[in-house]
Amino acid sequence: MRMPRLVAVAAGWFGLTVALAAAAPGPGIPGSVAARPAATGPAGYSVSALADVAVRPGVQRAGRVQASPPATADCEKLYKVACYQPAQIQQAYDLPSLYARGVTGRGRTIVIVDSFGSPTIRNDLAVFDQTFGLPAPPKFTIIHPAGNVPAYNPGNSDMVGWAGETTLDVEYAHVIAPGASILLVETPVSETEGVHGFPQIIRAEQYVARNHLGDVISQSFSATEETFPSQAAAQALRGAYQLAATNHVTVLAASGDSGAADLKLDGSTYYSFPVTSWPDSDPLVTAVGGTQLHVTATGKPATPTAWNDTYNPAANEFAVGNAGPNPLAGGGGRSVLFGRPGYQNGVKNVTGGQRGVPDISMSGACDGSVDTYGTFGGAPAGWSPACGTSEATPLFAGIVALAAQVAGHPLGPVNPALYRLAAAHARGIVDVTKGDNTVSFTQGGRRHTVRGFAAGPGYDLASGVGTVNARYFVSELASAVGH
C-alpha cells in the first residue's frame with residue numbers, strides 16, 4: 001500500500017503518454033503477453049532509463065502502537081475502527097478446517113520481496129508467533145541476491161517504510177500458511193532514492209525463479225503505469241515474470257490502495273483520472289485487491305465487501321491523521337500498458353480490450369486492520385495495526401502455498417485457473433457484490449473525485465473474481481492448475 005504521508009518518496013516527474021500493448025499470447029505461456037523489443041526509436045530503452053520510475057512500499061502503518069496486541073474491541077474503542085488478530089483472519093477464510101487435515105503449507109516456500117527489509121524481523125516474527133501460539137516457520141531464510149543491503153538507518157524514512165512493509169508481509173503470509181518456509185529477499189536500494197530499485201528487484205526475483213527457491217512470490221509494491229516513459233520501458237522489466245512462469249512460480253502483486261486513482265512520481269500528487277499500477281497489471285502476475293471483512297454479532301464472518309475507507313472519517317483519522325476524504329481503497333481498473341490476456345476473454349464485457357485488475361481480493365480495509373509486531377528503529381516499537389493490499393497480497397500468498405501443498409507441486413501462473421473457477425461458480429470463489437473504489441481528495445485547493453468501479457455479480461474492477469473460502473478454494477485451485 002502506498003500513502004504519501006507515511007512513506008517518503010523522491011523522484012522527478014515527467015509527463016508521458018503510454019502506448020497500449022496488444023495482448024498476443026506468448027508461446028508456451030497461457031494468457032501471457034508476447035515480449036516486445038525493449039527499444040523505441042534510435043536511442044532505445046534500457047533499465048537504466050527507469051531511474052525516475054518510483055516503486056513504493058505499500059504498508060499503511062499508522063503509528064498507533066501498544067504494548068500488547070489490541071483486540072477488536074480495543075481498536076473500536078481507541079480508534080473507532082475494527083482490527084483483527086491472526087485467529088480471526090484464519091477463521092474468516094475457514095482455514096482451521098484445512099489445518100485439521102494437515103494442510104498448513106508444509107513443504108512449500110513463500111518468497112517475500114522487499115527493498116532493505118527489516119533488521120529486527122527474525123525476532124519480531126518470533127514474538128508474534130509466541131504471542132498468538134503460532135509455530136515458527138520450518139525455515140526462515142534471508143538473502144541478498146542483488147547485492148548487500150546497506151546498514152539500517154532509523155533516520156531514513158524510506159528504510160523505515162520498507163521495514164514496516166516487511167513486517168506485515170512476513171507475519172501475515174505466515175499466519176495463513178504456518179507450515180510453509182519463508183524466504184525473505186532483501187534488495188539494496190529503493191527507487192525512492194532515485195536509483196535503479198526496480199531493476200534490482202527484478203534481478204533478485206530472476207535469481208529466485210532460476211534457482212527454484214520458492215513456490216510463490218509476494219510483492220507489495222508498485223508504480224503507477226503512467227510513470228513509465230513507454231510501454232517498452234515496462235517490457236524491459238518483465239524478464240523475472242516470464243522466467244517465473246516458465247519455472248512454475250506463482251507471482252502476486254498488490255493492486256494498490258488509492259482506489260481508481262494513484263500517485264505521480266512526486267509521491268504526493270494524485271492523478272485526477274482513473275489509472276492502474278504495475279507490476280500488478282502484468283498479465284503474468286496475479287493482482288490482489290482489497291476487501292473489508294464483516295463480523296456478525298455472534299463473531300461469525302459475514303459476506304465481505306469491496307474495500308473503500310475513503311469516506312470513513314474514523315478510518316481516515318486512524319490511517320492518515322485527518323477526517324478526509326483521502327484515497328483509501330483497493331486499486332482496480334484497466335491497464336494502459338497491456339491488452340486483455342486470453343484468460344480474461346470471458347469478462348471482456350468488463351475489461352474491454354485491456355488487461356483488467358484486480359484478479360482476486362483479500363482482507364485489506366483499514367477499518368479491519370491486522371495486528372503486527374515490530375521493533376525496528378525509526379518507529380515506535382510494539383503492536384501496531386496495519387492495512388491495505390499490502391496485507392491482502394501476503395494473505396493470498398499463503399493461500400497459494402496451501403494449494404501447492406495439496407497439489408504436490410508449484411502452481412505457476414494461476415490466473416487462467418482463477419477465471420475458469422469463477423466461470424464455473426466454484427464453491428471456493430466468494431463473489432463480492434457490494435462496494436466500489438471511487439475516491440476523493442483535496443488537491444490544488446479543490447476537491448477531486450476519481451470515479452472508479454462498482455463491485456457486482458461476477459468479475460468486476462473493484463474486487464476481481466471475488467475472494468475465497470479456503471476450505472473449498474485450496475483444493476479447487478490445486479485441481480485446476482496443472483503444468
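This section describes the overall composition of the model, its salt bridges, its helix packing and the surroundings of one threonine.

The structure is a predicted model, in which local features need pLDDT of at least 70, side-chain atom pairs count only at pLDDT 80 or more, and totals for chains, interfaces and linings use all residues. Residues are numbered from 1 along each chain as its sequence is written, and side-chain values use heavy atoms, with hydrogens and water left out.

The protein contains 13 helices and 21 strands. Helices (H or I, at least four residues) and strands (E, at least two) are DSSP runs, numbered from the N terminus. Of the 483 residues in the protein, 62% are buried. A residue is called buried under 20% relative accessible area, exposed over 50%, and partly exposed in between (1.4 Å probe, protein chains only). Contacts, defined by heavy atoms within 4.5 Å, were also considered by their separation in sequence. Among contacts between residues at least 6 apart in sequence, 80% join residues at least 24 apart.

Side chains of opposite charge can pair when their charged atoms come close. A salt bridge is taken here as a side-chain nitrogen of Lys or Arg within 4 Å of a carboxyl oxygen of Asp or Glu. By this rule, four salt bridges are counted. One of them joins the side chains of Asp94 and Arg471, with an N to O distance of 2.7 Å. Because Asp94 lies in the loop between helix H2 (86–92) and helix H3 (96–99) while Arg471 belongs to helix H13 (residues 470–480), this pair ties together parts that are 377 residues apart in sequence. Asp94 is buried, with a relative accessible area of 17%, whereas Arg471 is partly exposed at 35%.

A salt bridge is also formed by Asp215 and Arg108, whose closest N and O atoms are 3.0 Å apart. This pair links distant parts of the chain, 107 residues apart: Asp215 is in the loop between helix H6 (197–210) and strand S7 (216–219), and Arg108 is in the loop between H3 and strand S4 (109–115). Both Asp215 and Arg108 are buried. The side chains of Arg238 and Asp282 likewise meet in a salt bridge (2.6 Å, N to O). Here the partners are 44 residues apart, with Arg238 in the loop between helix H7 (231–235) and helix H8 (239–246), and Asp282 in the loop between strand S10 (277–278) and strand S11 (286–295). Arg238 is buried at 0% relative accessible area, and Asp282 is buried at 0% as well.

Helix packing was described by axes, which are lines fitted to C-alpha atoms over the stretch in contact, with angles running from 0 to 180 degrees between N-to-C directions. Angles under 35 degrees count as roughly parallel, over 145 as roughly antiparallel, 65 to 115 as roughly perpendicular and the rest as oblique. A crossing is left-handed if the near helix is turned anticlockwise from the far one by less than a right angle, and right-handed if clockwise. Ala, Val, Leu, Ile, Met, Phe, Trp, Tyr, Cys and Pro count as nonpolar, Asp, Glu, Lys and Arg as charged, and the others, Gly among them, as polar.

The axes of helix H11 (residues 389–407) and H13 come within 8 Å and cross at roughly 60 degrees, so H11 is oblique to H13. Their crossing is right-handed. Residues making the contact include Phe396 and Leu402 of H11 and Phe473 and Leu477 of H13. By class, this contact has eleven nonpolar, one polar and no charged residues.

H13 also packs against helix H12 (residues 415–423), the axes coming within 9 Å and crossing at roughly 120 degrees. H12 is therefore oblique to H13, and the crossing of these two helices is right-handed. Ala417, Leu418, Arg420 and Leu421 of H12 meet Phe473, Glu476, Leu477 and Ala480 of H13. These residues divide into six nonpolar, no polar and two charged.

Helix H4 (residues 121–132) and helix H5 (residues 157–176) pack at about 40 degrees, with axes 10 Å apart. The crossing of H4 and H5 is right-handed.

Thr104 lies in the loop between H3 and S4 and is buried at 18% relative accessibility. Leaving aside neighbours within four places in sequence, Thr104 is in contact with Tyr99, Ala177, Pro178, Gly179, Ala180, Leu402 and Gln405.
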